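User: I am new to this structure. Please take one part and look at it closely, then set it in its surroundings.

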Amino acid sequence: MKSHVWRPLFVALGIVILILIARQILVPKDFGIHERGYMYGFYRKSNEEDWKNFAVKYRSAEYCKDCHSDKHSMIMQTPHAVIQCENCHGPALEHPSNPPKLAIDRSRAECLRCHFPLPYPTSGRANIRGIDPEKHNPDIECTMCHNPHKPKIGGTK
Amino acid sequence: MINRRDFLKNAAKGIAGLALPLAAIEIVSPRKLFAARGDVGKESKLRWAFLVDTYKCVGCGLCVKACKLENEIPYDANVTRTWVERYVLTKDGRMFGDTPKGARDGFATSKIDLGGGKFQDIKKEDIDKAFFVPKLCNQCENPPCVQVCPVGATYQTPDGVVLVDRKWCIGCGYCIMACPYGVRFFHPVHKVAEKCNFCYHRITKGMKTACIQACPFGARMIGNVKDPNDPVTRVIRTQRVSVLKDEYGTRPQVYYIGISREVI
Amino acid sequence: MMVHGEAWTVKELFVTPNEYIYWSIQIVMYPFMTGLVAGAFVLSSLYHVFGIKQLRDIARFSLVFSFALLPVAMLPLQLHLQQPLRGIEVMLTPHFTSAIAAFGIVFSTYAAIVASEIWFVYRKHLVETALTLRNKTDKNMVEKINHIIFSTLTLGSFDVSEKALHQDEKAVKILAGIGIPIACFLHGYAGFIFGSVKANALWMTPLMPVIFIMSAVVSGIALCMLTYIVVMEIRKFLAARKKTTYGIYQSTEEIKGIEINVIKMTAKYLIFFLIFAISLELLDLIFRGYTAVKTWDILRSVIYGKDFLDIFVFQYGIGNLLPFILFMLPGLTIRRTVVGVLLVLFGVFMMRWNVVIGGQSFSLTFAGFMHYHLPIIPHDMETFKEGFFGALLVFVTPFVLFWGLNKIFPVFKEEVH
């Protein structure tokens, strides 16, 4: 090793050692090969917990029905029974503590999601009755005449 | 002619030099790989799979809205973890498809969005068949996106869901390029790769995904494909179901009822 | 709120919501710049390994230029990454099933080889300069800094005996020899990055790594020829104005004479690699058209329709055929060489463009298109980094670095006093 020709190699090895030291410091200890192997399972294990702890926003009608039993039982008698409360009222989050009141989406666009008629053969869409939004009371909200919890005019199914 | 001392010195150097690349091989030794893989989750009793019934989907887009709000994808941003595509096949053999804002606002027009402000109106009598196809991450059994991540920021959990570590992703976009289904994108706020993760924070608590819960028509379902009594598993096993782009060998785990050859 | 890619992507017909042109101008620049690196190094090795004497001057030059290009290979990636500060993770937790992870290892190895080779080539100059500065008792600020730089660069060895210099030459030969396959690997893996993406109908082909390597060598040779001519012209100009002589070269006529021999020699290699590169690309195209798999319809409309100008007129016509004719015609002049070389560089750039942008021109639905509008005037950080001026910054930086490196590793023997 007397010859000077090996010196650049020592410099290179020195840099490699620096990188290995950086690796010890910077890479989280639980980073490694997990159940799915090197190709699909090379990751930081604690990230799974991170994702499990992500905040839940939507609670489902089961959460709403105990306090809002009147609206809930009303809508359950109609074809709108299949629509989740939060579809029009937004996610419940920690309601009633936070937020104390949920918004109500009364826009025509919300109803037109299903009730713009598209007569598509082979699609379930063809079975939903609809209106032409440009001709059917175009200036007012649908909810002026139709109660979403009891949509048929006249009240009963 | 080399003397003994130099020979021994060089041999020692050579062995030391070989040790480093051999150590590297250890990481990717096939035997260790298979042992670590556990032969495709053999030990795991849970493997999530999704079922979409495109006869039931009406294109209301309530799933897209719910997903955005549940998973904090900015509502006005033109990216989404799940979307619905509309296919209209006309009698003259043409195919029209669109997905306005990913169907975030549903499909409230019969005009097909052609992009650039152009629309194609199609008359009812010209339609052979038309339907809606919801799409989301397939949580593939052989995920190409995980294969190409250079730093191990995206990975697959033992129960089959592919996740992204937001703290580790460098934002190179290789996973987005590698996904044949176009489900990945850059999160506009976190500036890392993002995609549908089957609402992992909900399904691990026994809840349904946001999109499944929101769907009024039951077009979406999730189940455990390793449980033979699971209703979703029974459909997958006993009914005529298909998957998207299976020629790529990704083995996607979102199964479809009622899609047609025109669906890519 | 604009998502990444939305500012420069225009969608047409049926495109899925998350599709944008995510890999834009910086990803075009990256293989272009690393191609120049690989090509410059191969050119330098033609002298050091195969002993082609006439290439001695351009060999030294292209070695230093190759080193100047190295940090610039990192630059487009840093400008592209959504999380540039995490770029080091490729070295910390490399996932070797990904071609990009190879970047960390290959790039570092290659940088080490080029740096070492330059050290050996210039060691005598470094030692002599360091000793001269050490013996100078009254150093000004610049000389003090230079003394530190040169002394450090000697790596503690001041032996410039015949034996030591002979060892240097051997080391250079070995490094240049190892360096050629590493340079090929450096660019081959860049081709593999694209060629292995089965999801992209245009990129997916086993020919991609080879096509990339061949056009990289072409671009490297072309750039070295160009810069060599420019530098020699500057020196001729200075020689005429100051009327001073430079070492062994006595007059502008002699300088011009030596230039044209080097140029003619190098042009032959350029032509060879040019033919190889274009043959592979045409082979790929013909195969795709012949086998006509499912994706051929959309690819055909991109290649022969939307991108016809970019591919057949700019890349094949102006970037390949025209310089080929210019170099093949007898009586090659410096002026004609400059034109030919610029066209070749343009052609190689268009090849990168047509692969990267072209591959993102069509949707995964195979029924829609995406149009790329390169941002020229930046209105935020993103449109600067991934726009025209970001690309310009990347292109200009190696020349700036080269100017700086030339002060430590002078490329012209006469400047070594």
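Which residue in strand 3 of chain B is the bridge partner of Arg86(B)?

Analyst: The bridge partner of Arg86(B) is Asp98(B), in strand 3 of chain B. Keep in mind that this is a predicted model.

Start with the strands around that pair. Strand 2 of chain B covers residues 83–90. Four bridges join strand 2 to strand 3 of chain B, and the two run antiparallel. They belong to an open sheet of three strands in chain B. The order is 3-2-6, with antiparallel pairing. Strand 3 and strand 6 (127–135) of chain B are the edge strands. Each of these two pairs on one side only. From one strand to the next, the twist averages 15°.

Now follow the chain out of strand 3. Strand 3 of chain B spans 95–98, and a loop lies between it and strand 4 (111–115). Lys101(B) is found in that loop. Its backbone deserves a look. Phi of Lys101(B) is near 55°, a positive value in a residue that is not glycine. Most residues other than glycine have a negative phi. Is Lys101(B) buried, exposed or partly exposed? Lys101(B) counts as partly exposed because it has 16 C-beta neighbours inside 10 Å; a buried residue would need 20 or more.

Chain B has another lysine with a positive phi. Lys245(B) has a phi of about 45°, though it is not a glycine. Lys245(B) sits in the loop between helix 8 (231–238) and strand 12 (254–257) of chain B. There are 16 other C-beta atoms within 10 Å of Lys245(B), so this residue is partly exposed.

Step back to chain B as a whole. Chain B holds eight helices and twelve strands. It has 264 residues, and 50% of them count as buried. Take the contacts in chain B with a separation of 6 or more: 61% of them come from residues 24 or more positions apart.

Chain B also touches its neighbours. First, chain A. The contact takes 50 residues from chain B and 41 residues from chain A. On the chain A side, helix 2 (37–40), strand 2 (42–44), helix 3 (46–52) and helix 7 each supply at least two residues. By class, that side of chain A has 22 nonpolar, eleven polar and eight charged residues.

Chain A itself is divided into domain 1 (29–54) and domain 2 (61–144). The C-alpha centres of these two domains of chain A lie 40 Å apart. Chain A also has cis peptide bonds. One joins His95(A) and Pro96(A), with omega about 10°. Another joins Asn98(A) and Pro99(A), where omega is about 5°. Most peptide bonds are trans. Where do these prolines lie? Pro96(A) is in the loop between helix 6 (85–89) and helix 7 (108–115) of chain A. Pro99(A) also lies in the loop between helix 6 and helix 7 of chain A.

Next, chain C. Here 46 residues of chain B are in contact with 39 residues of chain C. Strand 1 (9–13), helix 3 (89–92) and helix 4 (99–135) of chain C each supply at least two residues of the side that touches chain B. Strand 1 of chain C gives the largest share, four residues. That side of chain C has 20 nonpolar, twelve polar and seven charged residues.

The largest nonpolar core has 217 residues. Helix 4 of chain C gives the most to this core, with 19 residues. Met33(C), Val64(C), Val218(C) and Cys224(C) have the most contacts inside the core. Take Val218(C). Beyond residues up to four places away in sequence, Val218(C) touches Gly39(C), Leu270(C), Phe273(C), Leu274(C), Ala277(C), Val344(C) and Val348(C).

One more residue of chain C is worth a stop. Gln315(C) lies in helix 10 (residues 308–328) of chain C. Gln315(C) counts as buried because it has 26 C-beta neighbours inside 10 Å. Leaving aside neighbours within four places in sequence, its contacts include Asp310(C), Gly347(C), Met350(C) and Asn354(C). Gln315(C) and Leu345(C) are 30 residues apart in sequence, with 10.0 Å between their C-alpha atoms.

Conventions:
Residues are numbered from 1 along each chain as its sequence is written. Chains are lettered from A and ligands numbered from 1 in the order in which they are written. This is a predicted model: local features need pLDDT of at least 70, side-chain atom pairs count only at pLDDT 80 or more; totals for chains, interfaces and linings use all residues. Two residues are in contact if their C-beta atoms, placed from the backbone, lie within 7 Å. Ala, Val, Leu, Ile, Met, Phe, Trp, Tyr, Cys and Pro count as nonpolar, Asp, Glu, Lys and Arg as charged, and the others, Gly among them, as polar. A residue is buried if 20 or more other C-beta atoms lie within 10 Å of its own, exposed if 12 or fewer, and partly exposed in between; C-beta atoms are placed from the backbone. A nonpolar core is a set of buried Ala, Val, Leu, Ile, Met, Phe, Trp, Tyr and Cys residues joined through C-beta atoms within 7 Å. Two strands pair if DSSP finds at least two bridges between them. Axes are lines fitted to C-alpha atoms, for helices over the stretch in contact, and angles run from 0 to 180 degrees between N-to-C directions. Domain bounds come from an automatic or database domain assignment.
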